[in-house]
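Hello! Here is the structure that I promised to pass on to you. Please open it beside this email, and then read on for what turned up in it.

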Amino acid sequence: MAQKIVVVESPAKAKTINKYLGSDFTVLASYGHIRDLPPKDGSVRPDEDFAMDWQLGERAEKPVSEIVKAVKGAKAVYLASDPDREGEAIAWHVLEVLREKGLVKSTPVYRVTFNEITKQTVLDAIAHPREIDKNLVDSYMARRALDYLVGFSLSPVLWRKLPGSKSAGRVQSVALRLICDRESEIEKFKAQEFWTIEAIFMTTSGGQIPARLTHINGKKLDKFGIQTEAEAQAALAILNQLSYKVAAIEKKQARRNPYPPFTTSTLQQEASRKLGFSASNTMRTAQQLYEGVDIGGDTVGLITYMRTDGVSLSTEAINSARDVIMKDYGKEYLPPEPRLYKTTAKNAQEAHEAIRPTDLKRHPEDVAKYLDAAGLKLYTLIWQRTMASQMSSAVLDQVAVDIAGSQDKAIFRANGSVVVFDGWLKVYEESDDEDKKPDDEHPRNVRLPAVKEQEAVDKRDVKPEQHFTQPPPRYSEASLVKKLEELGIGRPSTYASIMQVLQDRDYVRLDKKRFIPEDRGRIVTTFLENFFGHYVEYDFTADLEEKLDDISGGRIDWKQVLREFWTDFSVAIGDTKDLKITDVINALDEALGPHFFPPREDGTDPRLCSVCKTGRMGLKLGRYGAFLGCSNYPTCRNTRPLAVADGNNDNAQMQGPRELGLDPATQLPVSARIGPYGAYVQLGPAPIAQPVTPEPVAAEEGKPKKRKKKKDDAPKPKRVSLPKGLDPNIIDLTTALKLLGLPREIGKHPDSGEMITAGIGRFGPYLKMGPQYKTIPPDDDVLNIGLNRAVVLIAEPSKGGRGMQPGKLLGEHPSDGKPVTLNKGRFGPYVKWGKVMATVTKSYDPEALTMPQALEIIETKLAKGPPQKAGKAAKPARAVKPIKAANADKIVKETKIKKRKGSKN
């Protein structure tokens with residue numbers, strides 16, 4: 001019997017849907033997009049009316065061959081990719097491949113979509129197929145062509161004119177500009193001082209009223225009404241002479257309405273704020289919840305499609321939510337009418353429902369045992385938000401009390417707000433934007449004592465407080481997503497990948513969950529603003545998004561949009577052909593000068609070369625990227641990496657080796673230096689380079705012989721990397737000598753007796769006990785860490801594993817006094833002495849192992865000699881005088897057991 005073939009994107013989705021359909025259906029996965037534009041010139045050809053070439057992806061050959069094989073002789077084909085623009089494109093690509101194979105003529109091909117993966121929804125979709133939406137495909141083609149034309153036209157310009165740059169993108173470059181512009185705002189920000197005066201008043205009944213001064217001498221105080229400490233003290237002198245009473249009481253009731261259910265962007269923002277999820281982690285987890293989870297043997301999708309900018313809910317979902325609210329919370333939590341929402345986001349398509357659970361009767365606790373931690377957290381967040389969106393408003397009583405001084409010379413105001421009915425707050429914790437300032441006007445859950453107008457109050461404490469205005473905060477993932485959506489730039493489904501690309505290109509970095517532009521990113525942004533300014537303007541990018549939406553709505557021809565864009569863009573690209581590198585350097589140097597050379601407090605020229613004292617430091621371009629260098633090159637070779645020379649950058653001010661003094665023990669010079677891997681201290685001068693001579697070649701091997709070290713070769717100086725937080729510009733000789741003295745012994749472990757040492761390796765500061773290493777956290781100092789703290793760190797588990805497990809001390813070996821310990825390993829218990837590790841065989845009881853028995857085990861191990869590689873004969877082990885268990889404790893320590901050496905291979 002001929003089969004009906006269903007094609008979806010992922011194997012997880014295929015597995016879920018396969019359980020819903022009958023035996024006459026076969027569900028196959030395309031593994032995402034099967035075709036894309038070849039990454040080379042000419043894949044989009046504007047001169048041929050934007051003809052486009054497509055090729056199969058690297059991983060698409062196998063799934064495509066399976067689909068083609070299955071379709072041959074099939075009764076029908078259903079293309080069931082996701083219900084958005086990308087899903088429509090995937091279905092179109094599969095159809096085109098089938099058409100090229102000549103399979104469409106004999107086999108009907110249908111398009112089906114569903115917003116949630118449940119049995120009834122999937123069956124309804126199969127029963128009501130449609131044709132592929134040409135408008136959505138055209139919109140995809142236009143978007144893909146635009147991204148290609150920008151990337152493959154603009155990126156080569158960057159590579160030629162701005163060495164070290166990696167790429168530019170239509171939306172990526174605008175997002176980068178947002179981050180860089182915010183950083184410029186922060187750098188230009190000048191903090192402004194202001195003062196507030198707070199007071200505590202006591203009522204006749206003993207209640208306390210905290211209040212803030214709002215008027216003095218008949219003048220209303222704005223934020224900067226009191227700007228200096230002198231003004232604050234003058235006001236305080238007046239206030240302390242006055243008596244006070246309640247002048248006015250204002251009461252009102254406020255209603256706080258719930259938020260709408262989640263869209264893609266609001267889910268990313270809230271998951272970032274509440275759960276600490278990155279945008280990519282949120283989308284990955286949501287994808288798993290959408291595609292299906294095994295719930296007691298039944299695979300079901302737990303949420304609706306997670307790429308949407310719609311906030312509406314289906315009638316069935318609203319009715320289900322109202323049923324759950326009535327049953328779980330009661331009639332007072334159910335509003336008289338269902339809540340209907342409409343999005344306010346720019347360029348929203350509203351083609352799909354909001355993100356919601358597929359079954360609101362499925363509470364988070366019902367699915368907890370079937371989900372991992374991330375899945376449960378995200379499902380709970382979505383369930384709570386959806387339920388709250390259909391619940392009654394919260395009701396708050398807000399009170400404002402004015403307290404006036406004698407003759408109204410001063411007025412203080414106290415504000416309070418109390419939740420009298422929690423409403424939707426019963427299930428959903430309110431979360432403000434992390435960049436939003438707290439509500440001073442009506443703080444939540446601050447209850448004021450009952451007072452009457454004209455009631456006298458006693459001033460108990462009046463305190464002036466100094467403040468400074470704060471710069472705008474750097475963007476977090478949540479606030480950047482919000483800003484992009486507000487401006488109408490990009491699409492919510494692309495935000496996660498945009499932010500990841502910026503980090504992968506080293507254009508930005510995330511520090512404490514905030515985006516900081518790297519200097520490379522700032523240079524790229526400045527270049528684009530100077531030479532392609534129109535194409536990184538926020539309005540231009542948003543307008544282009546509107547046109548792409550018009551294409552998907554059938555209101556404009558997609559090739560017309562491409563023609564309008566390419567006409568001007570190609571001219572801008574052509575104008576850069578005659579652009580000289582010096583022009584680029586001069587433009588960037590002028591634009592970025594305030595960033596790299598901020599004004600100095602002493603008024604000296606920040607660009608003055610610190611080496612030759614006459615040159616001017618400025619931006620330079622080399623084959624590996626940009627750097628800062630002296631204008632007197634090549635006479636003066638002073639250079640430094642792209643970094644602002646301030647106390648926040650450890651290496652910015654280093655202009656060559658910094659001599660610290662002489663080591664008292666060796667009389668060798670000690671210096672702080674900057675190398676390719678960071679800052680370090682060095683004992684001794686740099687070795688003098690030896691002349692290079694041709695190396696002799698062994699005739700029989702054809703390989704250069706290794707040069708033997710000569711007696712007169714200069715010894716390599718000792719070097720130790722500086723731990724994070726130590727500034728090479730200010731480190732002193734004492735600290736440098738301590739670093740050069742590493743590794744240092746901290747003390748013996750109280751359980752195993754093994755020595756614990758502290759040092760600095762290629763991965764930073766560490767503790768070492770036997771063969772095991774433990775990273776020292778940033779909050780601990782490798783130079784001062786003590787034994788107690790070291791033992792605690794050693795016992796702490798590492799990421800994904802256990803802490804060091806110190807062995808049980810059995811005693812000291814009679815030959816050298818080193819500890820002999822009983823340890824637990826992957827393959828069972830073993831005895832350790834120095835570098836010798838011997839397995840405790842089954843003939844011994846590890847729990848009752850004695851020191852004499854441990855010595856027997858060690859001697860048996862030594863007598864066998866080291867293990868030999870296959871094919872190599874072992875050299876006879878050197879004779880060892882056996883140590884009898886009965887006499888083991890009497891053997892003097894002078895007996896030396898020489899280390900055995902294995903045969904050379």
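**Salt bridges**

A network of salt bridges links Arg143, Asp147, Arg170 and Glu545. A salt bridge here is a side-chain nitrogen of Lys or Arg within 4 Å of a carboxyl oxygen of Asp or Glu. The structure holds 36 of these salt bridges.

Before going further, please keep in mind that this is a predicted model, in which local features need pLDDT of at least 70 and side-chain atom pairs count only at pLDDT 80 or more, while totals for chains, interfaces and linings use all residues. Residues are numbered from 1 along each chain as its sequence is written, and side-chain values use heavy atoms, with hydrogens and water left out.

For exposure, buried means under 20% relative accessible area, exposed means over 50%, and partly exposed is in between (1.4 Å probe, protein chains only). Arg45 counts as partly exposed because its relative accessibility is 22%. Glu48, at 48%, is partly exposed, and Asp53, at 34%, is partly exposed too.

Another pair is Glu88 and Arg130, whose closest N and O atoms are 3.0 Å apart in a salt bridge. Glu88 lies in helix α3 (residues 85–100) and Arg130 in the loop between α4 (119–127) and α5 (134–161), so this pair ties together parts that are 42 residues apart in sequence. Is Glu88 buried or exposed? Glu88 is buried, with a relative accessible area of 0%, whereas Arg130 is partly exposed at 30%.

Helices (H or I, at least four residues) and strands (E, at least two) are DSSP runs, numbered from the N terminus. The chain has 21 helices and 34 strands.

Helix α9 covers residues 279–291, and its 13 residues should span 18 Å at 1.5 Å a residue; the end C-alpha atoms are 18 Å apart, which agrees. That expected span is 1.5 Å times one less than the number of residues. Just after α9, Gly292 takes a positive phi of about 130°.

Which residues of α9 are buried? They are Ala279, Thr282, Met283, Thr285, Ala286, Gln287, Leu289, Tyr290 and Glu291. With contact meaning heavy atoms within 4.5 Å, these buried residues pack against several elements, including α1 (11–20), α8 (264–275) and α12 (373–389).

Thr282 is found in helix α9 and is buried, with a relative accessible area of 0%. Leaving aside residues up to four places away in sequence, Thr282 touches Leu267, Gln268, Ala271, Phe277 and Leu378.

The axes of α8 and α12 come within 11 Å and cross at roughly 120°. Axes are lines fitted to C-alpha atoms, for helices over the stretch in contact, and angles run from 0 to 180 degrees between N-to-C directions. The contact is made by Thr266, Leu267, Glu270, Ala271, Lys274 and Leu275 of α8 and by Lys377, Leu378, Leu381, Ile382 and Arg385 of α12.

**The whole chain**

Of the 905 residues of the chain, 46% count as buried. Residues 24 or more positions apart account for 66% of the contacts with a separation of 6 or more.

Enjoy exploring!
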